[in-house]
Amino acid sequence: GTKSTTPDVIYQSEQGFDFRCSSETNMWGAGTYFAVNASYSDSYSHLLATRTKDKQMFLADVLTGVAYKCQPDSTLKKPPQNHDSVTGHTNGSDIFVIYDLDQSYPAYLITYRNT
């Protein structure tokens, strides 16, 4: 999800998903978060206009590599040695967190109506 960041800022950027723009109070630290279930990401999607129910979210290609499974730890700044990402489970979805800008690509921008 992009919430308050307009998606064009992400797909027109050379960095794509940039974790440096994310909240500092994330469950698994300062990284870029990807959910397996789109229903989880819906609450983080970008609302197109206040008078419509149209939303946008990305379908992304993410290189998770060797994922380290762990409980939430907001102090993380990178995965443990010999791992490429961190994974956990929250609110009914598996989550993957990456800490390098070049591990993800915003493949598709999906516009949908929440009914």
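Start with the aromatic rings: the structure holds 2 aromatic pairs, where rings of Phe, Tyr and Trp (its six-membered ring) pair if their centres lie within 6.5 Å, and planes under 30 degrees apart count as stacked, over 60 as edge-to-face and the rest as tilted. Select Trp28 and Tyr33: their ring centres sit 6.5 Å apart with planes at 45°, so this pair is tilted. Before you go on, bear in mind that this is a predicted model, in which local features need pLDDT of at least 70 and side-chain atom pairs count only at pLDDT 80 or more, while totals for chains, interfaces and linings use all residues. Residues are numbered from 1 along each chain as its sequence is written, and side-chain values use heavy atoms, with hydrogens and water left out.

Is Trp28 buried or exposed? Trp28 is buried, at a relative accessible area of 2%, whereas Tyr33 is partly exposed at 26%. (Buried means under 20% relative accessible area, exposed over 50%, partly exposed in between, with a 1.4 Å probe and protein chains only.)

Now pick Tyr40 and Tyr44. Their ring centres are 5.7 Å apart and the planes meet at 35°, so this pair is tilted. Tyr40 counts as buried at 15% relative accessibility, and Tyr44 is partly exposed at 39%.

Next, show the cartoon. The protein has 2 helices and 7 strands, in the order α-β-α-β-β-β-β-β-β from the N terminus. Helices (H or I, at least four residues) and strands (E, at least two) are DSSP runs, numbered from the N terminus.

Colour β6 (residues 93-98) and look at its partners. Strand β1 (residues 32-35) pairs with β6 in the antiparallel sense over 4 bridges; two strands pair if DSSP finds at least two bridges between them.

Which residue in the β5-β6 turn has a positive phi? Select Asn91: β5 and β6 form a hairpin with 2 residues between them, and Asn91 in that turn has a phi of about 45°. Most residues other than glycine have a negative phi. Asn91 is exposed, with a relative accessible area of 67%. Asn82 is another non-glycine residue with a positive phi, near 70°. You'll find Asn82 in the loop between β4 (67-69) and β5, exposed at 66%.

Time to go inside. Select Trp28, Tyr40, Cys70, Leu76, Val86, Ile95, Val97 and Tyr99: these 8 residues make up the largest nonpolar core. A nonpolar core is a set of buried Ala, Val, Leu, Ile, Met, Phe, Trp, Tyr and Cys residues joined through side-chain atoms within 4.5 Å. Click on Val86 and show its contacts (heavy atoms within 4.5 Å). Leaving aside residues up to four places away in sequence, Val86 touches Trp28, Tyr68, Cys70, Leu76, Pro79, Pro80, Ile95, Phe96, Val97 and Tyr99. A second, separate core has 5 residues, including Ile10, Phe34, Phe58 and Ile98.

Finally, zoom out to the whole protein. Of its 115 residues, 34% are buried. Among contacts with a separation of 6 or more, 65% link residues 24 or more positions apart.
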